[in-house]
Amino acid sequence: MDRRRLLLMAGAALLVALAALGWRAVNRTEPNPPPAPATTEQPAAAIPAEGPRLVIEVDGEAKGTVVIALAADVAPNHAERLCTLAEAGAYDGVVFHRVIDGFMAQTGDVAFGREGGDLSRAGTGGSDLPDLAAEFSSIPFERGVVGMARARHPDSANSQFFVMFAPGPHLNGQYTVVGRVIEGMEVVDAIKRGEGRNGKVFGRPDVMRQVRCLR
């Protein structure tokens with residue numbers, strides 16, 4: 001084999017090697033980063049039924065008893081607030097002032113939401129106790145879950161709360177879950193609905209006739 005042929009073969013081999021190296025350089029990729037961990041949601045059933053409970057006697061278009069298991073482990077300050085107000089009789093006679101079909105029923109305005117009074121400001125007040133720091137959790141807003149109403153600031157929940165008619169995933173992690181209905185969801189379903197996008201209830205709203213806390 002003459003020298004010229006050897007040089008041609010060596011050159012060809014070098015070109016092949018360089019081409020392969022260049023291909024690897026162009027097509028080299030870093031390892032994909034691990035996927036972000038998915039948010040682990042606790043089911044609402046994680047709120048134990050045998051803990052503290054709120055017992056609400058509802059009157060109006062809906063009549064009956066609603067029992068709420070309070071989330072004392074995940075939202076201890078909010079659960080305690082509901083019990084404190086119930087034990088003081090503050091919730092007795094407070095109406096469901098905002099009820100949106102397919103979404104939720106809201107009540108608990110002890111300042112402006114009392115039956116027989118001027119309800120034009122219902123939903124704007126709270127109790128004389130200080131607002132609460134948020135206790136957000138991974139429990140999703142499913143049907144029957146009870147959340148604390150608040151203003152724009154996360155740490156502004158006070159006395160108002162709402163019960164979900166249906167899942168509301170857009171609320172997850174944005175509002176404090178304070179409990180879940182364990183008895184009387186059919187009573188919740190029958191609560192008088194409000195009107196318009198805001199769900200304001202006109203005429204005679206349904207009312208929490210009596211509210212007790214069982215510890």
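This report describes the fold, cores, central helix and salt bridges of one predicted protein model.

## Basis of the model

The model is predicted, so local features need pLDDT of at least 70 and side-chain atom pairs count only at pLDDT 80 or more, while totals for chains, interfaces and linings use all residues. Residues are numbered from 1 along each chain as its sequence is written, and side-chain values use heavy atoms, with hydrogens and water left out.

## Overall fold

The protein chain has three helices and eight strands. Helices (H or I, at least four residues) and strands (E, at least two) are DSSP runs, numbered from the N terminus. Read from that end, the order of elements is α-β-β-α-β-β-β-β-β-α-β.

The eight strands close into a barrel in the order E1-E2-E7-E5-E6-E4-E3-E8, with antiparallel pairing; two strands pair if DSSP finds at least two bridges between them. On average, neighbouring strands of this sheet are turned by 35° against each other, direction ignored. E5 and E6 pair over three bridges in the antiparallel sense, and Gly 147 stands opposite Phe 162 in E6.

Contact means heavy atoms within 4.5 Å. Among contacts in the protein chain between residues at least 6 apart in sequence, 67% join residues at least 24 apart.

## Buried residues and cores

Of the 215 residues in the protein chain, 41% are buried. Buried means under 20% relative accessible area, exposed means over 50%, and partly exposed lies in between (1.4 Å probe, protein chains only).

A nonpolar core is a set of buried Ala, Val, Leu, Ile, Met, Phe, Trp, Tyr and Cys residues joined through side-chain atoms within 4.5 Å. The largest one has 35 residues, and those with the most contacts inside it are Leu 54, Ile 56, Ile 68, Tyr 91 and Phe 161. Helix H2 (residues 76–87) gives the most to this core, with five residues. Apart from it lies another core of 15 residues, including Ile 47, Ala 69, Val 145 and Leu 171.

## Helix H2

The twelve residues of H2 should span 16 Å at 1.5 Å a residue, and the end C-alpha atoms of H2 are 16 Å apart, which agrees. The expected span is 1.5 Å times one less than the number of residues. After H2 comes Gly 89, with a positive phi near 80°.

Which residues of H2 are buried? They are His 78, Ala 79, Arg 81, Leu 82, Cys 83, Leu 85 and Ala 86. The buried residues of H2 pack against E1 (53–59), E2 (64–70), E5, E6 (161–164), E7 (177–183) and E8. The direction of H2 makes about 115° with that of E8; axes are lines fitted to C-alpha atoms, for helices over the stretch in contact, and angles run from 0 to 180 degrees between N-to-C directions.

## Salt bridges

Side chains of opposite charge can pair when their charged atoms come close. A salt bridge here is a side-chain nitrogen of Lys or Arg within 4 Å of a carboxyl oxygen of Asp or Glu, and by this rule the count comes to nine.

One of them joins Arg 215 to Glu 87, with the closest N and O atoms 2.8 Å apart. Arg 215 lies in the segment after strand E8 (207–214) and Glu 87 in helix H2, so the pair ties together parts that are 128 residues apart in sequence. Arg 215 counts as exposed at 57% relative accessibility, and Glu 87 as partly exposed at 48%.

Arg 193 and Asp 101 form another, with a closest N and O distance of 3.0 Å. Arg 193 is in the loop between helix H3 (185–189) and E8, and Asp 101 is in the loop between E3 (94–100) and E4 (104–107), 92 residues apart. Arg 193 is partly exposed at 27%, whereas Asp 101 counts as exposed at 59%. The side chains of Asp 189 and Arg 143 also meet in a salt bridge (2.7 Å, N to O). Asp 189 belongs to H3 and Arg 143 to the loop between E4 and E5 (145–148), 46 residues apart. Salt bridges that share partners join Asp 59, Lys 63, Glu 115, Arg 204 and Arg 209 into one network.

## Lys 200

Lys 200 is placed in the loop between H3 and E8 and is partly exposed, with a relative accessible area of 28%. Lys 200 and Val 99 are 101 residues apart in sequence, and their C-alpha atoms are 6.6 Å apart in space. Not counting residues up to four places away in sequence, Lys 200 touches His 97, Leu 119, Ser 120, Gly 194 and Glu 195.
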